[in-house]
Amino acid sequence: MFNDKVRIIPYEAETHWAYIYQWYHSGKYDHFFGNMPSMDANAASTFNKGGVNYIIIDVNDVSKIVGMASINMIEERHRNCHLGTLIDESYQGKKIGTEATIMIVNRILNYDNMFKVIARVDPKNLGSQKVTAAVGFEQESILKQDVYYDGEFHDVIRMKITKGMFNKKYKSRRKKDPVEGHK
Ligand SMILES: CC(C)(COP(=O)(O)OP(=O)(O)OC[C@H]1O[C@@H](n2cnc3c(N)ncnc32)[C@H](O)[C@@H]1OP(=O)(O)O)[C@@H](O)C(=O)NCCC(=O)NCCS
């Protein structure tokens with residue numbers, strides 16, 4: 001059933017910017033944010049390119065924003081895009097990341113007309129590997145020396161889920177638009 005653990009709402013800079021700023025500056029999610037430009041006031045729009053970034057709210061604590069999902073490298077012609085999900089440290093391990101990713105992938109594949117969603121996973125990031133596998137992503141390739149941090153280049157696992165893969169796994173789950181407030 002949708003909305004079991006989380007609600008997904010579209011990102012709005014005015015309301016949500018402070019949370020993203022806080023995550024960005026915490027130093028805990030450096031690999032997730034990568035080399036984002038410096039976070040001045042105008043940079044809020046960086047996260048909202050195309051208006052397709054989402055905010056994740058725990059249904060048991062609706063006053064708190066617990067995470068975000070960013071969609072980037074959108075290839076409209078080839079109908080694929082990249083997805084990254086971030087759950088605040090204090091809310092991790094409660095299946096919120098898995099649930100939110102299912103809902104957002106459903107949105108992208110069944111409502112935004114994409115064919116494939118790609119996740120770039122750090123081989124050292126066990127949480128990310130478990131979440132993508134649980135959602136139904138499969139390994140597509142290993143991108144050799146594709147990211148630079150800690151003074152060297154590291155491999156990336158490229159994971160994918162297609163519309164067919166998703167809808168086979170979640171037959172009964174895809175009818176209702178999982179994102180609230182979408183036009
Ligand atoms: C990766 C992330 C989104 C997972 O979110 P989450 O809400 O904690 O994940 P879930 O609770 O749905 O956990 C799913 C599984 O991953 C495991 N897991 C989650 N975080 C983990 C971690 N840091 N280390 C090891 N295992 C972890 C959970 O124990 C669970 O395992 P199980 O299925 O065997 O019980 C979250 O840890 C995060 O935001 N990390 C920082 C940003 C990031 O790396 N994002 C991914 C970029 S692709």
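What follows is a set of questions and answers about this predicted model.

Q: How do you know which parts to trust, and how are residues numbered?
A: Since this is a predicted model, local features need pLDDT of at least 70 and side-chain atom pairs count only at pLDDT 80 or more, while totals for chains, interfaces and linings use all residues. Residues are numbered from 1 along each chain as its sequence is written.

Q: What makes up the confidence picture for the chain?
A: pLDDT is the predictor's confidence in each residue, from 0 to 100. The chain averages 84, and 85% of the residues score at least 70.

Q: How many helices and strands does the chain have?
A: There are 5 helices and 7 strands, counted as DSSP runs numbered from the N terminus (H or I, at least four residues, for helices; E, at least two, for strands). Along the sequence they read β-α-α-β-β-β-α-β-α-β-β-α.

Q: How do you know whether the length of α3 agrees with its residue count?
A: The expected span is 1.5 Å times one less than the number of residues. For the 15 residues of α3 that comes to 21 Å, and its end C-alpha atoms are 21 Å apart, so the two agree.

Q: Why is α3 called largely enclosed?
A: A residue is buried if 20 or more other C-beta atoms, placed from the backbone, lie within 10 Å of its own, exposed if 12 or fewer, and partly exposed in between. In α3, 14 of the 15 residues are buried, so the helix is largely enclosed by the rest of the structure. For the chain, 31% of the 183 residues count as buried.

Q: What makes a nonpolar core here, and which residues have the most contacts inside the largest one?
A: Such a core is a set of buried Ala, Val, Leu, Ile, Met, Phe, Trp, Tyr and Cys residues joined through C-beta atoms within 7 Å. The largest has 37 residues, and Ile56, Leu83, Ile104, Val105 and Ile108 have the most contacts inside it. Its largest share, 8 residues, comes from α3.

Q: Is glutamine 145 buried or exposed?
A: Glutamine 145 has 10 other C-beta atoms within 10 Å, so it is exposed. It is found in strand β6 (residues 138-149), with phi near 45°, again positive in a non-glycine residue.
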